[in-house]
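Subject: Structure handover

Hello,

Please find the structure below. My notes on what was found in it follow.

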Amino acid sequence: MILLRPDCLVFETSAGLNIPCAAEDVSIELMAESLDSFDKEMIRGAAAAVLHYFKEEMGRTSVSLSEFSLALEQALANLGLKIKLNPPAPGCPSIAEADLLRLAFQSGKGCELFFFGSLREELRRKLHQEPKVLRFRGLRVCVKQLTGAKRWCGRCESLSDQIVDFLRTCLSAEAGGATCALVVS
């Protein structure tokens with residue numbers, strides 16, 4: 001495995017490609033049309049903050065372009081700049097993904113109540129991207145992490161069903177009439 005430069009992330013494109021790139025370069029590309037009207041140092045600072053968020057706070061080295069652009073929009077909004085970044089290429093289905101295992105690790109073993117709260121917040125964050133497909137991956141390993149089980153058992157099956165039902169309920173409550181497919185794998 002190749003070690004990334006400290007200012008880089010692996011960006012997942014909607015076409016399924018993984019491209020290592022500096023966060024600042026991606027920020028400049030996303031803001032190409034409106035770059036002249038903003039202070040470049042402010043853009044660099046916002047890009048560095050988003051990079052820090054994903055790498056240090058979330059412990060991730062790989063993000064989708066839509067996740068990065070949403071986080072950059074929020075960082076710029078916190079600086080008083082309201083801009084909408086370039087959307088993904090037309091014709092590409094908008095897919096927002098979330099990692100259930102990451103949420104389970106953040107919640108801790110046996111802390112299902114914390115997990116369900118985090119899960120609802122993650123669903124809300126992903127819905128802000130207005131995806132056509134909302135995918136939650138890692139259900140099986142997530143359930144085993146939460147239950148502390150080494151092998152799949154009846155309690156695992158029950159918790160798995162609860163998570164899927166919870167996601168369906170939250171999606172119908174939070175989507176606000178928007179059409180979005182839910183995939184849990």
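Ser107 is buried, with a relative accessible area of 9%; buried means under 20% relative accessible area, exposed over 50%, and partly exposed in between, with a 1.4 Å probe and protein chains only. This is a predicted model, in which local features need pLDDT of at least 70 and side-chain atom pairs count only at pLDDT 80 or more, while totals for chains, interfaces and linings use all residues. Residues are numbered from 1 along each chain as its sequence is written, and side-chain values use heavy atoms, with hydrogens and water left out.

Ser107 belongs to helix α4, residues 100–107. Helices (H or I, at least four residues) and strands (E, at least two) are DSSP runs, numbered from the N terminus. Leaving aside residues up to four places away in sequence, Ser107 touches Phe114, Phe115 and Ser118, where a contact means heavy atoms within 4.5 Å. A polar atom of the Ser107 side chain lies 3.3 Å from the backbone nitrogen of Phe115.

**The three-stranded sheet**

Three strands form an open sheet in the order β2-β1-β3, with mixed pairing; two strands pair if DSSP finds at least two bridges between them. The edges are β2 (18–22) and β3 (62–64), each with a single partner strand, so one side of each is left without a neighbour in the sheet. From one strand to the next the twist averages 40°. Strand β1 (residues 8–12) pairs with β2 in the antiparallel sense over five bridges. Val10 has Pro20 in β2 as its bridge partner.

Helix α2 (residues 40–57) packs on the sheet and touches β1 and β3. The direction of α2 makes about 85° with that of β1; axes are lines fitted to C-alpha atoms, for helices over the stretch in contact, and angles run from 0 to 180 degrees between N-to-C directions. Helix α3 (residues 65–78) lies across β1 and β3 and runs at about 85° to β3.

**The chain as a whole**

The protein chain has seven helices and six strands. Their order from the N terminus is β-β-α-α-β-α-β-α-α-β-α-α-β. Of the 185 residues in the protein chain, 38% are buried. Among contacts between residues at least 6 apart in sequence, 65% join residues at least 24 apart. The accessible surface of the chain is about 10700 Å², and 56% of that belongs to carbon and sulfur atoms; areas come from the Shrake-Rupley method with a 1.4 Å probe, and for residues only the protein chains shown count as cover.

Regards

Technical notes: Polar contact = N/O pair within 3.5 Å; in protein donor to acceptor, adjacent residues only side chain to side chain.
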